Amino acid sequence: MRTLCLSAALALLAGCAAAPPKPPEPEATARAGVLTVTGQTLTSVTVLSRVAVANPGSTAWTITAAQYALEMGGKPVASGEPSFDRALAPGGSAIIDVTATAEIATDEPSLRALCAHGDAPLPLLLRGTVTLASGAARRILPFSVAGEMRAPRLPVARLNDAEIARYDGDNLGVTFYLGLSNQNDFPVKVKSITYSATLAGHSVGDGLASPGDVVPPSQLAEYEIDSTLDAGQGGREVAMLAASGKVDYVLDGVVDLGITRVPVHLTGALTFTPKKEHGRGERSRRRRRD
């Protein structure tokens, strides 16, 4: 009888030893979505990635925080630790938005270094972690995503058109149509535009073409500059020069963007035309000097 009981006990122990171990519970994961540029200026950029957090296990978690670092061209430009309070049910998933804003240019040299990239994109890398909590337990999930941004461009000044007309007594009227082209996908703030204009070496005026403006994305802003040259100041001489051909002009100025100043130096030749209303064409708008 004792032998039979001992055999049964040994068989039971052998069966227990042969039972397969319980498989480990699958771990939660974090996967970053596409890195999107949601905002940009000449000196800053804002990016967004939607991070998907999956919980294939049987434990309920809460997404409590994230940590991120943003790099541009391999150099750190921003970091942060946003807080969250998102439930993550067993077998469920959730999406959190990780947004990073970086100052990418703090002075004129750094801005011009960015602009020097031209059409070459600037590489971005957003990486970090998501923190999960369940009671006293914690899980740290890494994520990373690469992207790129277009380098900023300084606005480009050009002379869209110009007119010169003769009035009684050989007094002259001159109108310059100064264009400012914004080649960025974001608006550019202009602090001021100052100018000075000469016609055949004679000054025809200087002043402020714009006391402050915002040039829309990928558009051309046009500024109308009206000047006069009286006969006694050289108008008669210029009129005589123009009678047999064209008159040279020079339009110098400065576009003040705050962080940097863009010089303007435009030259060309004008012929006399009847004074008339200038057509607007496809330009975004026009500013007349006060």
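Tutor: Start with the strands: β11 (residues 172–181) and β16 run antiparallel and are joined by ten bridges. This is a predicted model.

Student: What makes β11 and β16 count as paired?

Tutor: Pairing needs at least two bridges between the strands. Ten bridges join β11 to β16, so the pairing holds. Ser181, for instance, has Leu220 in β16 as its bridge partner.

Student: Why is Gln40 called buried?

Tutor: Buried means under 20% relative accessible area. Gln40 has 17% relative accessibility, so it counts as buried. Gln40 is in strand β2 (residues 36–40), and its side chain reaches the backbone oxygen of Arg150 at 3.0 Å.

Student: What makes that approach between Gln40 and Arg150 a polar contact?

Tutor: The limit for a pair of N or O atoms is 3.5 Å. The distance here is 3.0 Å, so it falls within the limit.

Student: Why is the pair Arg150 and Asp185 called a salt bridge?

Tutor: The side-chain nitrogen must lie within 4 Å of a carboxyl oxygen. For Arg150 and Asp185 the N to O distance is 3.5 Å, so the pair qualifies. Arg150 is in the loop between β9 and β10, and Asp185 is in the loop between β11 and β12 (188–190), 35 residues apart.

Student: Are these two partners buried, partly exposed or exposed?

Tutor: Exposed means over 50%. Asp185 has a relative accessible area of 57%, so it is exposed. Arg150, at 35%, counts as partly exposed.

Student: How do you know that Asp119 and Arg153 form a salt bridge?

Tutor: Their closest N and O atoms are 2.3 Å apart, and the cut-off is 4 Å. Asp119 is exposed at 71%, whereas Arg153 is buried at 11%.

Student: What makes Arg50 and Asp97 a link between separate parts of the chain?

Tutor: Their closest N and O atoms are 2.8 Å apart, in a salt bridge. Arg50 lies in strand β3 (residues 44–54) and Asp97 in strand β7 (residues 93–103), so the pair ties together parts that are 47 residues apart in sequence.

Student: Where is the pLDDT below 50?

Tutor: The chain averages a pLDDT of 85. Over residues 275–290 the pLDDT is below 50. Where pLDDT is low, the predicted coordinates should not be read in detail.

Key
Residues are numbered from 1 along each chain as its sequence is written. This is a predicted model: local features need pLDDT of at least 70, side-chain atom pairs count only at pLDDT 80 or more; totals for chains, interfaces and linings use all residues. Side-chain values use heavy atoms; hydrogens and water are left out. Helices (H or I, at least four residues) and strands (E, at least two) are DSSP runs, numbered from the N terminus. Buried means under 20% relative accessible area, exposed over 50%, partly exposed in between (1.4 Å probe, protein chains only). A polar contact is a pair of N or O atoms within 3.5 Å; within protein, one must be able to donate a hydrogen and the other to accept it, and residues adjacent in sequence count only if both atoms are side-chain atoms. pLDDT is the predictor's confidence in each residue, from 0 to 100. Contact means heavy atoms within 4.5 Å.
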